[in-house]
Amino acid sequence: MAFELNGQPISIDRAYTAPDGTKYANLRDPAIRSALGVVEVPDPESYDQRFYRGVNNPKLLNDREESDEEGNPLYVKVYDPETESMVDSDERLVTRGLKSQWIAQVKQTAGSMLAQTDWMVIRKAERDVAIPEATQTFRAAVVAEADRLEAAIAGCADVEALIEVINSQAWPK
């Protein structure tokens with residue numbers, strides 16, 4: 001539970017000085033809290049900050065090309081040394097949505113997992129030394145899971161579906 005004093009959140013574990021100058025080491029004693037008017041309030045609703053900006057406020061799912069108030073496209077700004085100012089580039093300004101962010105995360109995870117055995121693939125290519133069967137199976141499973149996740153993420157119609165996909169990750173060990 002949380003606590004408030006005059007409608008403002010207050011920590012009962014910190015020192016408090018009352019308006020009349022009385023100092024309290026903390027406000028853990030219910031009698032002191034009651035005398036000061038500190039009330040217990042329910043904790044705020046929680047939400048997964050990876051997917052939401054607040055309760056029932058999902059983050060952007062798909063990429064969005066940005067535009068100004070009049071609908072004109074916005075472009076990435078770059079520094080022009082000739083004019084010593086920032087100018088528009090040819091690249092559209094795009095806000096990346098959750099799908100793009102999670103697909104990038106999947107690619108990074110798969111890349112990290114495969115990097116551990118890349119030396120075996122290089123050794124096979126350079127010197128024709130066999131890759132152990134267990135390593136081949138592991139690498140195939142990593143690629144399959146990455147492909148499955150990327151396709152599933154791309155197919156999500158809403159944030160709830162994306163959360164289900166992310167929670168279904170089954171990377172090989």
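A residue counts as buried under 20% relative accessible area, as exposed over 50%, and as partly exposed in between. Please keep in mind throughout that this is a predicted model.

Begin by selecting R64, which at 41% relative accessibility falls between those limits and therefore counts as partly exposed.

Next, select E150 and K107, whose side chains form a salt bridge of 3.2 Å, N to O. This pair links distant parts of the chain, as E150 lies in helix α4 (residues 133-154) and K107 in helix α2 (residues 98-115), 43 residues apart. K107 is partly exposed, at 48% relative accessible area.

Move on to K124 and D128, where another salt bridge spans 2.8 Å, N to O; here K124 is partly exposed at 35%, while D128 is exposed at 58%.

Now display the open sheet of three strands, which has the order β2-β1-β5 and antiparallel pairing. Strands β2 (8-9) and β5 (38-41) stand at the edges with a single partner strand each, so one side of each has no neighbour in the sheet. Between β1 (residues 2-5) and β5 you will find four bridges, and F3 stands opposite E40 in β5.

Finally, select P58 in strand β7 (residues 57-58), a residue that is partly exposed at 40% relative accessibility. Leaving aside residues up to four places away in sequence, P58 touches F51, Y52 and V159.

Notes:
Residues are numbered from 1 along each chain as its sequence is written. This is a predicted model: local features need pLDDT of at least 70, side-chain atom pairs count only at pLDDT 80 or more; totals for chains, interfaces and linings use all residues. Side-chain values use heavy atoms; hydrogens and water are left out. Helices (H or I, at least four residues) and strands (E, at least two) are DSSP runs, numbered from the N terminus. Buried means under 20% relative accessible area, exposed over 50%, partly exposed in between (1.4 Å probe, protein chains only). Contact means heavy atoms within 4.5 Å. Two strands pair if DSSP finds at least two bridges between them. A salt bridge is a side-chain nitrogen of Lys or Arg within 4 Å of a carboxyl oxygen of Asp or Glu.
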